[in-house]
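Let's take a walk through this model, starting with its aromatic rings and then moving on to one of its helices. Keep the sequence and the 3D view open as you read.

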Amino acid sequence: MKTAAYALALAASITGTNAYWKGFNVQATMANGACKTQADWEKDFNTMKALPSGFSSMRVYASSDCNTLANAVPAAIATGGQILAGVWTEDNAHFEREKAALLAAVQQHGFGWMVAVTVGSEDLYRGDTNANTLAQQIYDVRGMLSTVPGYSTSVQVGHVDTWTAWVKSENNAVITACDFVGTDGYPYFQNTQSNPIDQGYNLFWDSVQNVRNVVNAVKPGAWVWVTETGWPTTGPTENQAVPSVANAQLYWNTVACSAFNNGHTFWYSLQDFSASPSFGVVDANYNPIYNLAC
């Protein structure tokens, strides 16, 4: 059975010392706003594979929006890639559609394509929900997945939020509900602190350690994943943080290359077209904007 063989191959690919998931955040739309097709997702996977170090994993933010999983999962299987799947939590009807799309994906394709599942993204930072409600949504998604043949406790379900949200004690219920905690940290945006590029490394790792300290106190043994960080090549200056190709290169050399060797890491982002600020590491022609070797 192809799904079983695929799952075994993926398991083999992340065993061993210092073997971590590493990849990019990838949006579900093209430059013109059109939803990506399976072919578009395959191009993203193949673009990542062609980069130095050969990345094969991506994080997506939703399951039903733009038919993300319906198109991205077959693309992952076709290219040997893996997906950190996202479930959008805002408003009950949307949440139910998201759950249905995730359920359909695992019922049809099994779990071999999946890195893990993140229920929500920066909801606590935005103040869109409260910790108890979000925790119940995490339990809900995990319970749903547990009904699918092939499920095991190795299928991890967590949440992604900013490091500033994770260190607030009122959000501890979410940490308790998570198999893993995804932290987002951007020294570029820490504009109330001294944040020039030469402070980027220290600011970033301080934020990760702050989250680890809280998680270790609330749920010892739960891993902290880096789910977003990066430095923009263009955009406005934030206090002392200046977007430029040179600064993005330096941040990659110091932060990305250390993060990839220290834990599961998903860089922001593969490609964001004309966004401002722009964090994409490849341009509109899918060519690297700077050297992505480590």
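Start at Phe189, which is partly exposed at a relative accessible area of 39%. Here, buried means under 20% relative accessible area, exposed means over 50%, and partly exposed is in between (1.4 Å probe, protein chains only). Before going further, bear in mind that this is a predicted model, where local features need pLDDT of at least 70, side-chain atom pairs count only at pLDDT 80 or more, and totals for chains, interfaces and linings use all residues. Residues are numbered from 1 along each chain as its sequence is written, and side-chain values use heavy atoms, with hydrogens and water left out.

Now for the rings. A pair of aromatic rings is described by the distance of the centres and the angle of the planes. Rings of Phe, Tyr and Trp (its six-membered ring) pair if their centres lie within 6.5 Å; planes under 30 degrees apart count as stacked, over 60 as edge-to-face and the rest as tilted. By that rule, the structure holds 22 aromatic pairs. One of them joins Phe24 and Trp252, and it's stacked, at 6.2 Å centre to centre with 5° between the planes. Phe24 lies in strand E1 (residues 22-25) and Trp252 in helix H10 (residues 245-259), so this pair ties together parts 228 residues apart in sequence. Helices (H or I, at least four residues) and strands (E, at least two) are DSSP runs, numbered from the N terminus. Phe24 is buried at 0% relative accessibility, and Trp252 is buried with a relative accessible area of 0%.

Back to Phe189: its ring and that of Phe279 have centres 6.0 Å apart and planes at 40°, so this pair is tilted. Phe189 sits in the loop between strand E6 (180-184) and helix H9 (200-218), and Phe279 in the segment after strand E8 (265-267), so parts 90 residues apart in sequence are tied together. Phe279 is buried, with a relative accessible area of 4%. Ring pairs link these residues into a cluster that includes Phe24, Trp252, Phe189 and Phe279, with Phe55 and Trp231 also among its members.

Finally, look at helix H6 (residues 131-145). Its buried residues include Leu134, Ile138 and Val141.

Definitions and conventions
The expected span of a helix is 1.5 Å times one less than its number of residues.
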